[in-house]
Amino acid sequence: MEQTLSIIKPDAVAKNVIGKILTRFEDAGLRIAVTKKIQLSREDAKAFYAVHKDRPFFNDLVEFMISGPVVVSVLEGDNAVAKNRELMGATNPKDAQKGTIRADFAESIDANAVHGSDSLENAKIEIEFFFAQREIV
Ligand code: CMP
């Protein structure tokens, strides 16, 4: 049993597809251990994406992530990290396979609907960034 972090980004929240995206996780056999809608501060977004701080897209990424509320969730189940990434599709929606979340709901590499942890190790770090252990049922 693994846990992974999912973020439904401001573009998808604005499109009113939170439920549709969460349903995809559940339909694939993942369980939502905890979820919440929050507004990230600039400091939150910079800290969360610190690994990308030297990339040319960093400032745009931070501005986008604070442009509206996001929904952060802990998903759990067998192979949760890989399963979530498979459901999301490629980072750039133009490359995402048909039927994936990004192919169906995302517009661009910046406004790409969802984020998901890329490894079990990062999942632990990202979950701890947003949730206290006692919040995760
Ligand atoms: P995400 O999975 O949230 O991780 C970092 C984000 O940076 C990524 O999704 C994209 O939304 C955004 N991004 C913008 N440009 C690029 C790029 N060239 N390569 C990777 N990620 C990018």
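A residue is called exposed when its relative accessible area is over 50%, and buried when that area is under 20%. In this predicted model, D54 has a relative accessible area of 69%, and therefore counts as exposed.

**Where D54 lies**
- D54 belongs to the loop that connects α3 (42-48) with α4 (58-65).
- Between D54 and Q3 there are 51 residues of separation in sequence, while their C-alpha atoms are 28 Å apart in space.

**The sheet and the helix across it**
- Four strands form an open sheet in the order β2-β3-β1-β4, and their pairing is antiparallel.
- Because β2 (31-38) and β4 (114-116) each have a single partner strand, they stand at the edges, and one side of each is left without a neighbour in the sheet.
- Neighbouring strands of this sheet are turned against each other by 20 degrees on average, if direction is ignored.
- β1 (residues 2-8) pairs with β4 in the antiparallel sense over three bridges, and I7 stands opposite H115 in β4.
- Helix α7 (residues 120-130) lies across β1, β2, β3 (70-77) and β4, and runs at about 60 degrees to β1.

**The ligand and its surroundings**
- The residues around the ligand include K9, Y49, H52, R102, I109, D110 and H115.
- A side-chain N or O atom of Y49 is 2.5 Å from an oxygen atom of the ligand, whereas I109 places a backbone N or O atom 2.6 Å from a ligand oxygen atom.
- H115 has a polar side-chain atom 3.0 Å from an oxygen atom of the ligand.
- On its own the ligand has 450 Å² of accessible area, of which the protein covers 79%.

Definitions and conventions. Residues are numbered from 1 along each chain as its sequence is written. This is a predicted model: local features need pLDDT of at least 70, side-chain atom pairs count only at pLDDT 80 or more; totals for chains, interfaces and linings use all residues. Side-chain values use heavy atoms; hydrogens and water are left out. Helices (H or I, at least four residues) and strands (E, at least two) are DSSP runs, numbered from the N terminus. Buried means under 20% relative accessible area, exposed over 50%, partly exposed in between (1.4 Å probe, protein chains only). Two strands pair if DSSP finds at least two bridges between them. Axes are lines fitted to C-alpha atoms, for helices over the stretch in contact, and angles run from 0 to 180 degrees between N-to-C directions. Contact means heavy atoms within 4.5 Å. A residue is near a molecule or strand if one of its heavy atoms lies within 4 Å of it. A polar contact is a pair of N or O atoms within 3.5 Å; within protein, one must be able to donate a hydrogen and the other to accept it, and residues adjacent in sequence count only if both atoms are side-chain atoms. Accessible areas come from the Shrake-Rupley method with a 1.4 Å probe; for residues, only the protein chains shown count as cover.
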